[in-house]
Amino acid sequence: MSETMKLPGQLVFGLDIGTRSIVGTVGYRTGEHFHVVAQCIREHETRAMLDGQIHDIHKVGTTISEVKRNLEEKTGRNFTDVCIAAAGRVLRTMTTNVEYEFPADKEVNGEDIYALDSMGVEKAYEEFLKTDNTEMKFYCVGYSVVRYYLNHYPIGNLEGHKAKHIGADVIATFLPDDVVDGLYKAVGLAGLEVANLTLEPIAAIQVAIPEMYRMLNIALVDVGAGTSDISITNDGSIIAYGMIPIAGDALTEVIAKHCLVDFKTAEQIKREAGEKETIEYKDIMGLSQTISREKVLEVAAPVIKDMTKQVADKIKELNGNKSVSAAFVVGGGGKLPGYTDELASQLNIQHERVAVRGEEVMLNIVFHEEDARRDSLMVTPIGICLSFYEQSNNFIFVYFNDQRIKLYDNNKLAVVDAAMQAEFANSGLFPKRGKELNYFVNGKPRITRGSLGEAAVIMVNGQEADIYTPIHANDQIKVVESTAGEPAALDIDKLPEYGAALWVEVNEKKVELPVFAMVNGHLQSGFYGIKENDSIEFLNYYTVRQIAEFMDVIINQDMNIYVNNKLADMDTKVYENFSVIWTMEELQLSDRDIYGSGAPDTYANLPEDDGSYVKSEPRKEEKNLFTEENSMLNAGTGMESEGEGAQEANTDPVKTDANAIKTNADTVTDVSGANESKSEGTDNETENSKYNIPRSIQVTVNGEQIRLEGKTEYIFVDVFDYIDFDLSVPQGSGIATKLNEKDAQYMEPIHSGDVIKIYWKD
């Protein structure tokens, strides 16, 4: 390079760290051309690398340092960043589709495309982790977009198009951590940081198969010393990557065994066989020997056949179990005579369609050094430099609680990503809840969560942070694990069902009865602490016996008990708005006017006499169910016993501290009546006229005749108990209710003969 030549501001330094040699390239891009400013090639003094894997990091690092110094002297620049490529020794690939929808139509720009590519790489990595059944950690070392989609239609380039929906098919490649980590450590020993990491076949294809040829079904084989890396194009895209762990070193080894020489001498014999008819060498005994080119090829032939068969089989596997139209070969290992012919035979294609690619594909490469190397060995090193402009998928290192971890840099890394990579428990980042409490209320399972503990304390470079704080290379992250909260604890009186009340009518006096709780079959107060798997039942009824005990009344066994104007006993259930009468008199229920008006035409609706209106037999003395232990239900006195009869002791309604009443028209039956006990000197006719008894009515609902029974009066909402109308699954904007062609209210009275319509509004 001329000393007066001016270099651009930014130079790209690329290293091809191969099994036999390290090739360094420095250059820059202008428009469609890439300018190679300087090159340097150094072979390993020993076999510090095998099959693309670094075995001696320090020796490889020393060789990299020599290449770096040489290029710094040639260019007059100091290099701190480098682009590298990894060989696919244990290569895994994953193809995925990713899509993104914009809130509104917009013009797609470069940032949108980069974000879409990154989403594809992340999705491919997530899918790869699901299928990986090894204990090795894998990292994405390169990717390519098979095709883009604009509003679900394939397109070559998204940029500049207006779209609502964009997508991409992405193929990503993954290698084990030890392969990647060895490369990073080796360049680190030379004082370099990785600016970009790619895969060798991805780099090679940048040069060997320009985009104009990628519409063809072509295979590129990069035959190195330890691995043969493969990539395939079709329909304008790179569709697959692969690798086999056999290459030029296998040929060198068989020559070394035949000629009885060391590996370095055998490598020299292999190279000269491509250029000379007779090769001279010294064996390990120090004796001078010669071997003809034909003999070298004869010795190498079985290995070449085996190698090309493995390559051809891999190509067919990656290409949908069929051969390709042509194959290009790059790398030093493919230069041995006979390799391309044998590969063509294995692929079953014309021999002229398999060829070594070198200077002829470097039409857009400008070499500034007069003695610059332009053969197939330089295809991958130049491609590594070009990959820097195509994608930035490097790794960074951070310190998480003093542990050095490596992260794939997608330009969106945060503390949570480092925590996941460090295998820090996700629960340690977020406040933990105390143990939950599981129990049942009225037969349905319910959970009360424990309280939240303290959140994790997160520091990034000594500053307070959170899990979403962005992180960068060499950041110091400290996380103190979150704590757990207190276990869940709940008393019965904290349940929403507690504190409700039932209102019933006892001898024409309104009585408020608190709803009580049964826990595992035992009555409990509101202060009871709920335990795991407790079964809690809030009863929506009282028995006559419980009402009497609550009112602190003793009912004489000779008294008659009526519930909703039917003869009952002490165990009869009394629900919301039921009426209860206990009296020494025998009510003549069959003579009573259900409306209180004496209208004779209404008697037809009375239920037939089923014997329930006859005075019951005297009852035996019954035990009080409300013990002293459960005395919270014995609050308030409605009546008291005196002699054998009973008389009123308190004419005011009985009150408790229960909360406001909650009634549900779908579940609570309203069967109340106006009841009053008999006064002295009042005849039976006057007494009976004060009571209503249940009646039935017939209405038309959505064209069908419906009979409602069991109540003295009916309201619109009662109809829902008799029709199949699912309120739990809305099927419209609301419910339309019509009564005799007019809008109706749920609490509006209804009568026999009414026409009702109920339906969902559109």
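Me: What makes a residue part of a pocket's lining here?
Reply: A lining residue has an atom within 4 Å of a grid point of the pocket. In this predicted model, 45 residues line the largest pocket. Lying nearest its centre are Arg29, Gln206, Glu211, Arg214 and Glu390.

Me: How much space is in the largest pocket, and which elements line it?
Reply: The space comes to about 1500 Å³. Elements giving two or more residues to the lining include helix 2 (110-131), strand 8 (138-150), helix 4 (200-208) and helix 9 (379-390). Strand 8 provides the largest share, with 6 residues.

Me: What makes up the lining of the largest pocket by class?
Reply: You get 22 nonpolar, 13 polar and 10 charged residues. Arg and Glu go under charged, and Arg29 and Glu390 are among the residues nearest the pocket's centre.

Me: Is Asp718 buried or exposed, and how do you know?
Reply: Buried means under 20% relative accessible area. Asp718 comes in at 5%, so it counts as buried. As for its place, Asp718 sits in the loop between strand 41 (714-715) and strand 42 (735-739).

Me: What does the chain look like as a whole?
Reply: The chain has 12 helices and 45 strands. It runs to 762 residues, and 49% of them count as buried. Among contacts with a separation of 6 or more, 65% join residues 24 or more positions apart.

Me: How confident is the predictor, and where does pLDDT stay under 50?
Reply: The mean pLDDT is 78, on a scale from 0 to 100. A value of 70 or more is reached by 83% of the residues. The stretch that stays under 50 is residues 590-691, and the model has 181 contacts beyond four places in sequence for it.

Methods: Residues numbered from 1 in each chain as written. Predicted model: local features only at pLDDT ≥ 70, side-chain atom pairs only at ≥ 80, totals over all residues. Heavy atoms only, no water. Helix = DSSP H or I, 4+ residues; strand = E, 2+ residues; numbered from the N terminus. Buried < 20%, exposed > 50% of the residue type's maximum accessible area, 1.4 Å probe, protein only. Contact = heavy atoms within 4.5 Å. 1 Å grid on protein atoms, 1.4 Å probe; cavity = no way out; pocket = protein on both sides within 12 Å on 5 of 7 lines; lining within 4 Å. Points joined across faces, edges and corners; volume = space filled by probe spheres on them.
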